[in-house]
Amino acid sequence: MSLDALLADTGAWFAAALPDHGVLALIVIAFIAGLARGFSGFGAALIFIPLGGAIIGPKLISPALLVIDGLATLGMIPPAWRSANRREVFTMAAGAVLGVPAGTAALALMDPLTLRWAITAIAICLLALLVSGWRYHGEPRAPLTSMTGLIAGLFSGAAQLGGPPVVAYWLGGKTDFARVRANVVLYFAISTCFSVVSYYFGSLFVPAVFALMVVILPSYAAGLYGGSRLFGLAKESTFRLICYLLIGASAVMGMPALDGILR
């Protein structure tokens, strides 16, 4: 096959695989979500999933974010492996082994409209948890750690929204922030592997997911980089407030009742 024919076939595949609407909006949303994660360490899924789900549906947007975020954060895994409390991480991941497939089943089998309302409700509840400032201040115990992993895995499998329970559990303890961050990064690297396997067997990796990955990954990666650079220029509290506002706005805008605004 000649190069011209290969390029023509690739272009035809791309045109057929990409959603027929909303791609430019997804690129912009991905950049904003990347900024949020880059400067605050959380919030990408809480922004990207409700809004993206309103544009192309949850069964496309969740696996797309899984692939994009997994690739964009690969460089964070080696230092996290060296610094994390691997015993605690693996204990939490043991809970996610059950939670991720259960959440994936909900994503694959639930009515899309019902799932979108559920995702909106979950996003609002998790935002309330973050805004409240509540943290678990007790000593980490294996049963509670694995239960947190189960809950986070359920949210991750259904909508890639597993961050807040994990952060709330680990951030309130006596572990220093650098170790907490390493724990979170390593846990989600493992959870991502579970999600990839579950999404594969759930037949969620359709061609559109990989077409979206190619288009959206540069924007998301640019947001991650920009957010990490901006973090040093302002108070953390200011950026977290902006994240909360963005997450709240995206949860509201992602409601099925407001579809006309985004389509």
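Trainee: Is Ser203 buried or exposed?

Mentor: Buried means under 20% relative accessible area, exposed means over 50%, and partly exposed is in between, with a 1.4 Å probe and protein chains only. Ser203 counts as exposed because its relative accessibility is 59%. The model is predicted, so local features need pLDDT of at least 70 and side-chain atom pairs count only at pLDDT 80 or more, while totals for chains, interfaces and linings use all residues. Residues are numbered from 1 along each chain as its sequence is written, and side-chain values use heavy atoms, with hydrogens and water left out.

Trainee: Where does Ser203 lie?

Mentor: Helices are DSSP runs of H or I with at least four residues, strands are runs of E with at least two, and both are numbered from the N terminus. Ser203 lies in the loop between α10 (177–201) and α11 (207–230). Its phi is positive, about 60 degrees, although Ser203 is not a glycine.

Trainee: What is the phi of Gln160?

Mentor: Gln160, a residue other than glycine, has a positive phi near 60 degrees. Gln160 is in the loop between α8 (142–159) and α9 (163–171). Gln160 counts as buried because its relative accessibility is 16%.

Trainee: Which residues is Met255 in contact with, leaving aside its neighbours within four places in sequence?

Mentor: Contact means heavy atoms within 4.5 Å. With those neighbours left aside, Met255 is in contact with Arg116, Trp117, Thr120 and Ile124. Met255 itself is in the loop between α12 (236–253) and α13 (259–262), and it is partly exposed, at 21% relative accessible area. Thr120 is buried, since its relative accessibility is 3%.

Trainee: How do I read two packed helices, such as α3 and α4?

Mentor: Two packed helices are described by the angle between their axes and the distance between the axes. Axes are lines fitted to C-alpha atoms, for helices over the stretch in contact, and angles run from 0 to 180 degrees between N-to-C directions. Here the axes of α3 (residues 44–56) and α4 (residues 58–72) come within 7 Å and cross at roughly 145 degrees. The contact involves Ala45, Phe48, Ile49, Gly52, Gly53 and Ile56 of α3, and Pro58, Leu60, Ile61, Ser62 and Leu65 of α4.
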